[in-house]
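This note is intended for a colleague who is meeting the structure for the first time.

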Amino acid sequence: MLEPPSAKPQSTRLAVLIPFGIVTLIWGSTWLVIRDQLGVVPPSWSVTYRFIVAGVAMAIYAGVRRDSWRFDARGLGFAAAIGVAQFCLNFNLVYRAEQHITSGLVAVVFALLLVPNALLARIFLGQRMGQQLVVGSAVAMAGIVLLFVHEARVDPNGPGQAIVGVAFTLAAILSASTANVLQATPTAARYPMASTLALAMLIGAALDAAFAFATVGPPTIELRPVYLAGILYLGLAASALAFPLYYNVLRTIGPAKAAYSSVIVPVIAMLLSTGFEGYRWSGLAIAGAALAAAGLVIALRARRPDR
C-alpha cells in the first residue's frame, strides 16, 4: 500500500532539500574565499568586516519583513549567545586554522560537526539518533576519515602545523555546534529569525572588532578588488543568505541531520580546488568522497528527523 503524502520524510521535502543544497554549495566555496582573505588584513578584522556586512544586510531584510525588534532580556541573551558562539568564536578560530593548514583539510575536519551536534541534541533536546541515522553517520565518517588521511599526507606544512590547525578547527566545531543546538531550542522559536540573526551578527561583529583591536591594533583594510569582493560574498551569500536557510532546515530536521551539510561541503571544496588550485584526486580521496555522499543519502532518508 502506498503511504499518504503526509508520511513523506521531512528531510526529503523540497522545502528542506532546496535550501540544504543552496547552503551546501555556498559553504563549499567559502573555504577557498577565506584562504584568499589571509594575508595583509589580520583574520579578526576580516571576520569583523564580514559580519558588519552580514548584520546590516540582515537588518535591512528584517525591516522589509517588518519583523519585531522588541527583545526582552531572554531574547537579548539568546542573540548574544549566538553572536559569541557562531559569529565570534567559530569564525575567528576557522580563519586562524587556515593559517596553519590547507583550506581543504579545515573543511574535512569541520565535517566532524555532526558528532557534537548529535550528542548535544541528545543531551539538551532529547533527540535520539535512530538506526538509519547512525548507519549513515558511520558511513559518512568513514569517508571523512579517508579524506582526512589523504589531506594530512599531502599537507605541505608538516605535522606540527597540522596539529595546531586541527586544534583550532576542533574548537571552532564546538562553538558552531553550541550555536546550532541553541537554534533548535524553544527559545529560538519565540523570536523572529531575521531580526534575531541581525542582532546576533552585529553583536558578533562588535566582539570581533574589540578582539581585533586588542590583539592586532587599529583596523586594516586591503583595497584589492578580489579581497573586497570576498568580503561581500562571505557577508551576503555565505552569511546573510546561508545562515537563515540553514537554521530553518535545522529547526525542521534537527541538528544531527542538518550537520550533514558539513559532510558534503569538503567534497565541494575539493571539487572547486580542482578547478582553481590544481587539486589532484587520489584513489583515497575519491573513495572518501563517495562514502561521504553515500552516508548523506542514507541518513537523510531516515523517516523521523529526531529518532
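**Notes on side-chain contacts**

1. Tyrosine 247 is buried, its relative accessibility being 0%. The model under discussion is a predicted one. Phenylalanine 243 is likewise buried, at a relative accessible area of 3%.

2. Phenylalanine 243 and tyrosine 247 both lie in helix α10 (residues 225-253), and because they are four residues apart there, about one helical turn separates them.

3. Eleven aromatic pairs are found in the whole structure. In the pair of phenylalanine 243 and tyrosine 247, the ring centres are 5.7 Å apart and the planes stand at 40°, so the pair is tilted. Both residues belong to one aromatic cluster, which also contains Trp27, Phe51, Phe87, Phe91 and Tyr246.

4. Aspartate 36 is partly exposed at 29% relative accessibility, and arginine 224 is partly exposed at 29%.

5. Arginine 224 also forms a salt bridge with glutamate 222, with 2.7 Å between the closest N and O atoms. Glutamate 222 is buried, with a relative accessible area of 13%. Through shared partners, salt bridges unite Asp36, Glu222 and Arg224 in one network.

6. A further salt bridge is formed by the side chains of aspartate 72 and arginine 190, at 3.7 Å from N to O. These residues are 118 residues apart, and the pair links distant parts of the chain. Aspartate 72 is partly exposed at 36%, as is arginine 190 at 47%.

Key:
Residues numbered from 1 in each chain as written. Predicted model: local features only at pLDDT ≥ 70, side-chain atom pairs only at ≥ 80, totals over all residues. Heavy atoms only, no water. Phe/Tyr/Trp six-rings, centres within 6.5 Å; stacked < 30°, edge-to-face > 60°. Helix = DSSP H or I, 4+ residues; strand = E, 2+ residues; numbered from the N terminus. Buried < 20%, exposed > 50% of the residue type's maximum accessible area, 1.4 Å probe, protein only. Salt bridge = Lys/Arg side-chain N within 4 Å of Asp/Glu carboxyl O.
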